[in-house]
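Biologist: I would like to learn how to read the sheets and cores of a model like this one. Could you take me through them one feature at a time?

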Amino acid sequence: MEEKSILKLENISISKDGKKILENISLKIQENEIFSILGHNGAGKSSLVYAIMGIDGYHVDSGKIYYMGDDITNMPINERAKRGIALTWQEPVRFEGVSVREYLSASSPKSSEEEFRNYMESFGLDYVSYIDRLIDDSLSGGERKRIELASVFISKPSLALLDEPDSGIDYHGIKEIQNNLANLLPKKSSIILVTHQEEIAYMGSRGAIICQGRLDDIGDIDYITSKFKNKCSRCQNA
Amino acid sequence: MHDLENHYEKMSKISGVFNREDFAYLMVHGNEIVKSHDLEGLSIKCNSVKDGVNLEFSLLENCKINNPVVICFGVLPEEGIQRINMKGILNKGSFVEFMAYCIFPNGKKVKHYMEGEINIKENASFKYNEIHYHGENGGVKIYPNMNVSIGKNGSFRSNFKLPEGRSGKINLNYYIKAGENSRVELTTKVMGSGNDDINIRENLYLEGDFSKGTIASYIVGKGNSEIKVYNRIEARGRKSIGHIDCIETIMDNAHAMAIPIVDVQNASAKVTHEAAIGGINKKQLEVLMSKGLSEDEATKVILKGLLK
């Protein structure tokens, strides 16, 4: 089991503006696994994936992050990306004057136009209509989310961190993405899926509940979603 | 081929335009008219004078020119002066787009003056793109002045760009008078670095009823550059609408100021403005770095986008 883990979090704690936002989180994510993290708004789910990605302001106070056996706790964000960790942001940022092609190229400089087309279409974006569009306020939040997902998957990450991939996307779009997800990643790649919706969490085989910055429980997905649906044991929120 | 044409092709990434029969064009090096070609319905008259040229163009009524008119002004030596006096008339219902390239790649002591007077008649449309390259010496000073009047239902769209290299000194003054139900879009995208001194003054007078116009400035300042943007919209016409947008991104020791002036003289008119000055957007930087780009690479992508 130990050899197969792609990510290991060892008692990580994070503070922001003097307040603890994550406390003593320990987790192991296996190769070729979709792992769902469930939690209510403000529970610390996004903070956890930001810490794994190495986003400024989310560096760990204590504890260690191991990726493929290496300690990456103090590694810069772009170095983590180069090693195969990728993050889709919950609210994709607008980029004045940057086209979809340039954005995808930033993620995957060696990808061909054919690959751009394939990944865009996997996320419901028509290549001809979108490839030269600018990622500015002319695109809706849902369109930018699909571009964000395409940009992460085209980089063929070993570990994709998907922060609320369903936000801004309609039900049919989510189903379409769900159906494609498994085929889009290289073998042995893993996904950490952050959500507060049980039906999205079911894309994973295992999961965890985060509540008030702590790991409430971990287990197979039926157990975790069922527990989340009823009552979180820490805060008693239904 | 004149060396200015080589520079133009390198900058525009378009070749062969200055030999094509279906394009109108003009190339002026200093005060030398290198090439000129007009088209049916579009007359371009250019005379060489001391230090520059007098240029007059006119477009016949309802004449629509499909291909952009390509203009190339430049001074290739390290020192020189170029004065362009341009007068243009677009008669009723006509349309034309100009792509004007202003190239001073070696300038250490180069001055370029432009005095433009454009009359856009009823239902006529004029798109004017001016793209500058001033090299890396910082010794180019440019003074583009433009007076434009737009008739009923007419439109004017201007794009002034200096996306790469040093700016040197820029003193841009535009005065635009918009008639009834006319449309105006003024966009400026400039990069400053070293000790560049950039002054942008765009003045839009929405005189006609139902006239609409926007002024947008996107400026990037690096090094010790000084940037001042004074944009003014006066709304006099009934139900005229205007908007000023200014985004200035600064790095190093650059200093940027945005001074929007909104002057509304009719109770049914409305003018709004937004201005944002600050460093590189941190979130954008992190998003690009999370894709594997270094901080410098991510910064380049953001700035290139801003000035595209």
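Modeller: Keep in mind throughout that this is a predicted model. As a general idea, strands of a sheet pair through backbone hydrogen bonds, either parallel or antiparallel. In chain A, six strands form an open sheet with mixed pairing, and their order across the sheet is E6-E7-E8-E3-E9-E10.

Biologist: Which strands of chain A stand at the edges of this sheet?

Modeller: They are strand E6 (85-88) and strand E10 (214-220) of chain A, and because each has a single partner strand, one side of each is left without a neighbour in the sheet. Between neighbouring strands of this sheet the turn is 15 degrees on average, with direction ignored.

Biologist: How many bridges join strand E3 to strand E8 of chain A?

Modeller: There are five bridges between E3 (residues 34-38) and E8 (residues 190-195) of chain A, and these two strands run parallel. At the level of residues, Ile37(A) has Val194(A) in E8(A) as its bridge partner.

Biologist: Which helices pack on the sheet, H1(A) being one of them?

Modeller: H1(A) touches E3, E6, strand E7 (159-163), E8 and strand E9 (206-211) of chain A, and its direction makes about 150 degrees with that of E7(A). Helix H6 (residues 141-154) of chain A also packs on the sheet, where it touches E6, E7 and E8 of chain A, its direction making about 175 degrees with that of E6(A).

Biologist: Is Ser46(A) buried or exposed?

Modeller: Ser46(A), which lies in helix H1 (residues 45-53) of chain A, counts as buried because its relative accessibility is 15%, and the cut-off for buried is under 20%. Beyond residues up to four places away in sequence, Ser46(A) touches Gln90(A), Asp163(A) and Val194(A).

Biologist: What is the strand order in the open sheet of chain B?

Modeller: Nine strands follow the order E3-E4-E6-E8-E10-E12-E14-E16-E18 in chain B, again with mixed pairing. Its edge strands, E3 (42-49) and E18 (255-264) of chain B, each pair on one side only, and the twist from one strand to the next averages 5 degrees. Strand E16 (residues 226-235) of chain B pairs with E18(B) in the parallel sense over 10 bridges, and Ala235(B) stands opposite Val264(B) in E18(B).

Biologist: Which residues touch the most other members of the largest nonpolar core?

Modeller: In soluble globular proteins, nonpolar side chains tend to be buried together. Here the largest core has 89 residues, of which Leu7(A), Leu48(A) and Phe153(A) touch the most other members. Leaving aside neighbours within four places in sequence, the contacts of Phe153(A) include Tyr119(A), Phe123(A), Leu162(A) and Ile191(A). Another core, of 62 residues, lies apart from it, with Leu42(B) and Met86(B) among them.

Note on methods
Residues are numbered from 1 along each chain as its sequence is written. Chains are lettered from A and ligands numbered from 1 in the order in which they are written. This is a predicted model: local features need pLDDT of at least 70, side-chain atom pairs count only at pLDDT 80 or more; totals for chains, interfaces and linings use all residues. Side-chain values use heavy atoms; hydrogens and water are left out. Helices (H or I, at least four residues) and strands (E, at least two) are DSSP runs, numbered from the N terminus. Buried means under 20% relative accessible area, exposed over 50%, partly exposed in between (1.4 Å probe, protein chains only). Contact means heavy atoms within 4.5 Å. Two strands pair if DSSP finds at least two bridges between them. Axes are lines fitted to C-alpha atoms, for helices over the stretch in contact, and angles run from 0 to 180 degrees between N-to-C directions. A nonpolar core is a set of buried Ala, Val, Leu, Ile, Met, Phe, Trp, Tyr and Cys residues joined through side-chain atoms within 4.5 Å.
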